[in-house]
Amino acid sequence: MGGEILDTILSVPFWVAVLRIATPLILGTLGVLLCERAGVLNLGIEGIMVAGAFSGWLAVFHGASLWTGVLVAAVVGALFGLLHAFLTVWLALSQHVSGLGVTLFATSLSYFSYRVAFPKVTTPPVIHPFQPPPWLSGIPVLGEQTALTLLALAAVPTLMYVLYRTPTGLAIRMVGESPHAVEGQGLSVHGLRTGAIVAGSALMGVAGAFLTLSAFDAFFFTMINGRGWICVALVVFASWRPGKALLGALLFAAFDALQLRLQQSSGGVLPYQVYLMLPYALSILALVVMARRAAYPQALMKPYRKGER
Amino acid sequence: MLALAPFAAVLFTLIASAPLIAAAGAPVLRAYAGLFAGAFGGVLAITETLTRATPLMLTGLAAAVAFRAHFYNIGAEGQLYLGAIAAVLVGGMHGGTGFALPSLVLFPAMLLAGALAGALLLLGPALLKTRFGVDEVVTTLLTNFLALLLVSLLLDGPMKDPLSMGWPQSVALNPDLELTKLVDRYRLHTGFLLALALAALVWFIDARTALGFEMHAVGANARAARFAGMPVGWITVKTALLSGALAGLAGVFEVAGRTSYVTLDMSPGYGYSGIVIAMLAQLNPLGVVVAAIFVAGVLVGADGMSRALAVPNYIADVIVALSLLSMLVATMFARYRIRWRG
């Protein structure tokens, strides 16, 4: 058993799968991280990923290029982010409830639109998804990934650079810690938070689109299946740091890939549901382990009203 | 003004959903008329709506009590399923007969088991919050998936219906334990009345007991409550147990009143709709009754309307989600007063 696990972990196909599973988690986790660094919880992620998966796929199905599909998913994600920002930043409403509302709205709107567009399909229509680019072939694990995975991997240092090396990044981190200080600098708290939520939600939209444009070639109901919530947990695990977010997503994906393999190889030893429970149980465990050390952004979930102490 | 907020929110929702109905190629007014007729036009429609409102009232109450204390229980869906499976565990026809006990004993035991199952599922996240400071939103969301997988596991194994021919379905509930029908030949059952009684009970707890006061205090300002000497952690745990028990009972009533079996599709998201209902009711337990009947009406009415006019019945979920969002905005504006300055 132990040797078998070791063999699995050392094999190339295993790591190919890990990167593929990790891609939407990386993008989604970075999206949540950006929102939370600016002080706003975004539970809209689950629904935004559904909307991104659906809208990106629909654009490509109607003849748009794959990259246009990605762009459509990002814009749709950004629009739902704008709605969340309007409710939580400008109207200072409960971030929990607003986020759930955005998730319910984005999910139901996507399902409704799918049924309007395809009233009577029994097998889901398909598109030609992203293929591994030829200039990558020959590189071991990376050579079998699509451009969107590379985009996700590139997004990590990009976000690190923006957050830690630019004035905008400093302002975003500051607005999540001490909005009064931001106000004192003459910057707009509402503007910065809105920007962060919109950009973060665009990332969530792309995270969803990866599933329909790269991992699979069709849109299914329930295809997001809690991935968004797992991203929210991963951000806590990562202590709100992009580098650790990448690590967390890879670690999580490795466990997920491992349970899939074990499920196939040790078939019948344990019911398959036990393996499927592992990712969710693992997320809860990660939250417990990290919660004590968690350095929450100080202003997280605290709406800012001008002139209020 | 605050009392008008739900009506303003629903009105806005109906206006905002109109373009979607038009996009599906249906005449908007006829669609809404069909929706209303499907929900309340005739005995069948009304009994169906009230049948659907029964689990929604309980998940709505579960959300209302928890949110009152600012304990965000998003796990009612999982608690409902565990309540349902616990009901069958106690009152199911295991081995063809089930437990050889009089139904006078089994019935309360079944209710208790369901309530306990829901409460225990929520106890985990509650303790993680009070002991380790883990945010309950994510943990309760994740327990939904765990609970559903656990139920799926039980339906494949020990709780499997031997007569189901491979369909994932639990053994049947003992027919003696089923809730009686309220109206002959319709599905409405006494669970509806029990849910009404529970709403009254929760209202009493909320408005007239020390626990209710403590829940309000913790929700309004946990630091001040702690300063006043209230055991905030213990109050949170008590709130969670009450909330989980209510959601668990939703599962019991569904099994005992409607399905007789546990299946993996017995709840089309009642747990999540409960949150919308609690918000529409502004967390008032009696308001939950009205809000649950409204949401049930939308769900039932949309089913009938979608068959007649070819509008996908997901429109119901859109309307429910939009009414939550517009309710949030409406309550916020209702707290302000517009004054004309001459």
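Tutor: With a term we need at once: helices here are DSSP runs of at least four residues, numbered from the N terminus. The model is predicted. In chain B, Ser260(B) sits in the loop between helix H10 (232-259) and helix H11 (270-280).

Student: Why is Ser260(B) called buried?

Tutor: Buried means under 20% relative accessible area. Ser260(B) has 15% relative accessibility, so Ser260(B) counts as buried.

Student: What is the phi of Ser260(B)?

Tutor: Phi of Ser260(B) is near 65°, which is a positive value in a residue other than glycine. Ala310(B) also has a positive phi, near 60°, and is likewise not glycine. Ala310(B) is placed in the loop between helix H12 (285-309) and helix H13 (315-334) of chain B.

Student: Is Ala310(B) buried or exposed, and what makes it so?

Tutor: Exposed means over 50% relative accessible area. Ala310(B) has 57%, so Ala310(B) is exposed.

Student: What makes Thr54(B) a buried residue?

Tutor: The cut-off is under 20%, and the relative accessible area of Thr54(B) is 0%, so Thr54(B) is buried. Thr54(B) belongs to helix H3 of chain B. Leaving out residues up to four places away in sequence, Thr54(B) touches His189(B), Gly191(B), Phe192(B), Ala195(B) and Phe253(B).

Student: How do you know that Ala86(B) is buried?

Tutor: Its relative accessible area is 9%, so Ala86(B) is buried by the limit of under 20%. Ala86(B) is part of helix H4 (residues 76-91) of chain B. Beyond its neighbours within four places in sequence, Ala86(B) is in contact with Ala113(B), Gly114(B) and Ala117(B). Between the C-alpha atoms of Ala86(B) and Leu249(B), 163 residues apart along the chain, the separation is 10.0 Å.

Student: Which other residues of helix H8 are buried, and what do they pack against?

Tutor: In helix H8 (residues 210-220) of chain B, the buried residues include Leu211(B), Gly212(B), Met215(B), Ala217(B), Val218(B) and Gly219(B), along with Glu214(B). The buried residues of H8(B) pack against H3, helix H7 (191-208), helix H9 (222-227) and H10 of chain B.

Student: How do you know that chain A and chain B are in contact?

Tutor: Contact means heavy atoms within 4.5 Å, and 43 residues of chain B are in contact with 42 residues of chain A. The area buried between the two chains is about 3700 Å², with 86% given by carbon and sulfur atoms. Leu142(B), Phe145(B) and Tyr314(B) supply 16% of the area that chain B buries against chain A, more than any other three residues.

Student: What makes a space a cavity, and how many are there?

Tutor: A cavity is a set of points where a 1.4 Å probe fits but cannot get out. The count is two cavities of 30 Å³ or more. The largest cavity has a volume of about 80 Å³, and residues of both chains line it, including Trp240(A), Tyr296(A), Asp135(B) and Val138(B).

Student: By class, which residues make up each lining?

Tutor: The lining of the largest cavity has nine nonpolar, no polar and two charged residues. The second largest cavity, of about 40 Å³, is lined by one nonpolar, one polar and four charged residues. Glu48(B), Arg52(B), Arg187(B) and Arg258(B) are among its lining residues. Helix H3 (residues 43-68) of chain B gives the most to that lining, with three residues.

Terms used: Residues numbered from 1 in each chain as written. Chains lettered and ligands numbered in written order. Predicted model: local features only at pLDDT ≥ 70, side-chain atom pairs only at ≥ 80, totals over all residues. Heavy atoms only, no water. Helix = DSSP H or I, 4+ residues; strand = E, 2+ residues; numbered from the N terminus. Buried < 20%, exposed > 50% of the residue type's maximum accessible area, 1.4 Å probe, protein only. 1 Å grid on protein atoms, 1.4 Å probe; cavity = no way out; pocket = protein on both sides within 12 Å on 5 of 7 lines; lining within 4 Å. Points joined across faces, edges and corners; volume = space filled by probe spheres on them. Nonpolar A, V, L, I, M, F, W, Y, C, P; charged D, E, K, R; others polar. Buried area = accessible area lost by both parts, 1.4 Å probe.
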